[in-house]
Amino acid sequence: PGGSQGDLCLGGAIGRYNGPGQVQHSGVVRSIELGRDLSQTPTPTGPVAVIAGETWNFQFWHRDSVGGGTTSNFTDGVAVRFQ
């Protein structure tokens, strides 16, 4: 996205974890934990169930500070194969 310091590695139909309790503050430990219900994985057309054998790609979008200014950044993308 414009103004972000990082690169969005994902493309196509992107679902977002932005519901209650899903947007979190990492605090001084700079880490979050997000437990997921794999029968309710977000997609642009609504939640779907993950099926064994599928590979899903994830990336974390976060706020960041560069040179004293507020911006956003992205983690590296990760592919997860579900069993």
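Arg30 is placed in the segment before strand 1. In this predicted model, the phi angle of Arg30 is near 55 degrees, a positive value in a residue other than glycine. Such a value deserves attention because most residues other than glycine have a negative phi. Is Arg30 buried or exposed? With a relative accessibility of 74%, Arg30 counts as exposed, because exposed residues are those over 50%.

Gln22 and Ile32 are 10 residues apart in sequence, with 9.9 Å from C-alpha to C-alpha. Val48 is a further residue of the segment before strand 1. The C-alpha atoms of Val48 and Gly6 are separated by 28 Å, and the two residues are 42 residues apart along the chain.

The view may now be widened to the whole chain. Which elements does the chain contain, and how many of each? There are 4 strands and 0 helices, so that the order from the N terminus on is written β-β-β-β, each strand being numbered from that end. Of the 83 residues in the chain, buried residues make up 17%. Taken along the principal axes, the box filled by the C-alpha atoms is roughly 45 × 25 × 20 Å. The predictor's confidence can be followed in the same way: the chain averages a pLDDT of 89, and 99% of the residues score at least 70. Among the elements, strand 4 has the highest mean pLDDT, 96, whereas strand 2 has the lowest, 80.

Strand 2, residues 61-66, pairs with strand 3, residues 69-74, in the antiparallel sense over 6 bridges. Two of the facing positions can be named. Val66 has Gly69 in strand 3 as its bridge partner, and Ser65 stands opposite Thr70 in strand 3. The hairpin formed by strand 2 and strand 3 has 2 residues between the strands, and Gly67 takes a positive phi near 60 degrees there. As a general point about strands, in a regular strand the side chains alternate between the two faces of the sheet.

A pair of aromatic rings is described by the distance of the centres and the angle of the planes. A search of the whole structure finds 1 aromatic pair. This pair consists of Trp61 and Phe74, with 5.5 Å from centre to centre and 20 degrees between the planes. The arrangement counts as stacked because the planes are under 30 degrees apart. The pair links distant parts of the chain, for Trp61 is in strand 2 and Phe74 is in strand 3, 13 residues apart. How accessible are the two partners, Trp61 and Phe74? Trp61 is partly exposed, with a relative accessible area of 46%. Phe74, at 10% relative accessibility, counts as buried.

Rolling a probe the size of a water molecule over the atoms shows where empty space is left. The largest pocket has a volume of about 1600 Å³. It is lined by 43 residues, of which Tyr17, Gln59, Phe60, Trp61 and His62 are the closest to its centre. Which elements give two or more residues to the lining? They are strand 1, residues 55-58, strand 2, strand 3, and strand 4, residues 78-81. Strand 2 gives the most to this lining, with 4 residues. By residue type, the lining of the largest pocket divides into 20 nonpolar, 16 polar and 7 charged residues.

Strand 2 thus connects several parts of this account: it pairs with strand 3, it holds Trp61 of the aromatic pair, and it gives the most residues to the lining of the largest pocket.

Key:
Residues numbered from 1 in each chain as written. Heavy atoms only, no water. Pairing = 2+ DSSP bridges. 1 Å grid on protein atoms, 1.4 Å probe; cavity = no way out; pocket = protein on both sides within 12 Å on 5 of 7 lines; lining within 4 Å. Points joined across faces, edges and corners; volume = space filled by probe spheres on them. Nonpolar A, V, L, I, M, F, W, Y, C, P; charged D, E, K, R; others polar. Phe/Tyr/Trp six-rings, centres within 6.5 Å; stacked < 30°, edge-to-face > 60°. Buried < 20%, exposed > 50% of the residue type's maximum accessible area, 1.4 Å probe, protein only. pLDDT = per-residue confidence, 0-100.
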